[in-house]
Amino acid sequence: MSNPVAQSVNLFGLDRAALEAFVHSHGEPAFRARQLMQWLYQKRVTSFEDMTDVSKSFRARLPGIADVRLPALEAAQLSADGTRKWVLRLESGGAIETVYIPEANRGTLCISSQVGCALDCAFCSTAQQGLQRNLTAAEIVSQVWFAIRTLVDELGKERPISNVVFMGMGEPLANYNQVITAIRLLQDDLGFGLSKRRVTVSTSGLVPFMDRLSADVDTALAVSLHAPNDALRNELVPINRKYPIADLIAACGRYTQRDRKMHIVYEYVMLDGVNDSDDNARELARLLRHMPAKVNLIPFNPFPQTRFRRSSPERIEAFANILRRNKLMVTTRRTRGDDIDAACGQLVGRVASRQQRRLSDIPVRVAP
């Protein structure tokens with residue numbers, strides 16, 4: 001791996017089109033981009049010297065104009081259930097958390113898109129840290145690269161990751177342009193080669209970006225709903241004050257119009273005595289009755305100083321049964337990695353300096 005130099009470009013941050021433009025700007029043909037992508041993502045080679053089918057002259061020039069930078073491993077933890085969590089240190093001084101969840105027929109990697117989060121959801125540990133900054137596309141993609149290399153080395157599996165979900169630290173659609181670049185690399189045959197249904201973006205409901213997402217990439221979508229009405233959602237998911245449930249559900253309808261087989265996953269964290277009553281379930285059923293929807297009930301995962309408690313298994317099952325009787329598909333997420341604080345809502349990483357941001361500061365437009 002070459003040392004970072006002034007004006008160098010981190011190749012992890014370039015999708016195929018950008019990489020082709022980069023090599024062209026240095027007088028090289030477009031197929032050089034294909035060669036570089038194959039070395040980086042398929043062979044996991046980061047030393048330019050070892051990229052043997054790239055011309056010697058270009059290989060000699062690459063260290064002066066480009067590099068391949070990976071986050072540094074700060075800590076690694078292994079749960080009793082096999083879940084792995086890595087704390088990755090960034091050049092900025094902050095740190096993010098990335099989680100690998102192995103199952104019999106799949107391996108899911110939960111990646112971060114921001115250092116911290118500004119949306120202040122009441123039940124999420126990440127939100128209590130505030131926001132430091134957005135991740136670059138290179139920092140997003142390098143989490144996947146790092147995880148694959150580590151798992152291949154440790155487990156001997158050639159393709160240990162079958163699914164990638166943007167459900168780690170941060171709100172992905174608040175870092176829209178960098179996340180789109182990362183998705184393109186995840187789905188590119190010369191990149192990580194994941195199918196469109198194997199990459200999922202989870203959003204708290206940034207409606208303008210949901211509309212833009214459906215036009216820019218083809219990817220699965222999960223919506224952090226957590227309440228069936230505006231009054232309760234305003235308390236739990238404050239972005240609802242800007243984009244209320246009616247606007248959010250309308251955006252979900254538009255998102256699924258392009259693909260009749262698509263179901264949006266509505267995530268619903270189960271909070272004892274807060275949003276888990278029979279009336280809440282019936283209201284949720286009415287809200288989603290005519291939507292191509294799958295409801296994922298998430299037992300709340302506690303963190304220090306939280307005021308919430310997890311709903312009992314019996315209450316969760318009763319809630320689920322009401323939804324099923326109303327013809328909704330329902331799953332209950334099995335808690336994984338909570339003994340290492342790697343479960344949903346528990347990721348904290350390390351935020352160097354908390355920035356207080358108002359909901360009105362969340363952008364509603366995407367730069368062209």
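Strand 13 (residues 293-299) and strand 14 run parallel and are joined by 4 bridges, where strands are DSSP runs of E of at least two residues and helices are DSSP runs of H or I of at least four residues, both numbered from the N terminus, and where two strands are said to pair if DSSP finds at least two bridges between them. Within this pairing, Val 295 has Val 330 of strand 14 as its bridge partner. The model is predicted, so that local features need pLDDT of at least 70 and side-chain atom pairs count only at pLDDT 80 or more, whereas totals for chains, interfaces and linings use all residues. Residues are numbered from 1 along each chain as its sequence is written, and side-chain values use heavy atoms, with hydrogens and water left out.

The two strands belong to an open sheet of 10 strands, whose order is 3-4-5-6-9-10-11-12-13-14 and whose pairing is mixed. Strand 3 (72-78) and strand 14 (329-332) stand at the edges with a single partner strand each, and therefore one side of each has no neighbour in the sheet. On average, neighbouring strands of this sheet are turned by 20° against each other, direction ignored, the axes being lines fitted to C-alpha atoms (for helices over the stretch in contact) and angles running from 0 to 180 degrees between N-to-C directions. Helix 8 packs on the sheet, where it touches strand 11 (220-224) and strand 12 (264-270), and its direction makes about 145° with that of strand 12; contact here means heavy atoms within 4.5 Å.

Elsewhere in the sheet, strand 5 (residues 95-102) and strand 6 pair in the antiparallel sense over 4 bridges, and they form a hairpin with 4 residues between them. Pro 102 has Gly 107 in strand 6 as its bridge partner. Strand 6 also pairs with strand 9 (residues 163-166), in the parallel sense and over 3 bridges, with Leu 109 standing opposite Val 164 in strand 9. Both faces of strand 6 (residues 107-110) are covered, since Gly 107 and Leu 109 on one side and Thr 108 and Cys 110 on the other are all buried, a term that means under 20% relative accessible area, with exposed meaning over 50% and partly exposed lying in between (1.4 Å probe, protein chains only).

What joins the side chains of Ser 202 and Glu 267? A polar contact of 2.9 Å does so, a polar contact being a pair of N or O atoms within 3.5 Å of which, within protein, one must be able to donate a hydrogen and the other to accept it, while residues adjacent in sequence count only if both atoms are side-chain atoms. Ser 202 lies in strand 10 (residues 199-203) and is buried, with a relative accessible area of 9%. Leaving aside neighbours within four places in sequence, the residues in contact with Ser 202 include Phe 166, Ala 222 and Glu 267.

Turning to the helices, the 19 residues of helix 4 should span 27 Å at 1.5 Å a residue, which agrees with the 27 Å between its end C-alpha atoms; the expected span is 1.5 Å times one less than the number of residues. Helix 4 is mostly covered, with 15 of its 19 residues buried, and just after this helix Gly 156 takes a positive phi of about 75°.

By the rule that a salt bridge is a side-chain nitrogen of Lys or Arg within 4 Å of a carboxyl oxygen of Asp or Glu, the count comes to 20 salt bridges. One of them joins the side chains of Arg 84 and Glu 154 (2.4 Å, N to O). Arg 84 lies in strand 4 (residues 84-89) and Glu 154 in helix 4 (residues 137-155), so this pair ties together parts that are 70 residues apart in sequence. Arg 84 is buried, with a relative accessible area of 15%, whereas Glu 154 counts as partly exposed at 49% relative accessibility. Another salt bridge is formed by Asp 211 and Arg 254, whose closest N and O atoms are 3.0 Å apart. This pair links distant parts of the chain, with Asp 211 in helix 6 (residues 207-216) and Arg 254 in helix 8 (residues 245-256), 43 residues apart.
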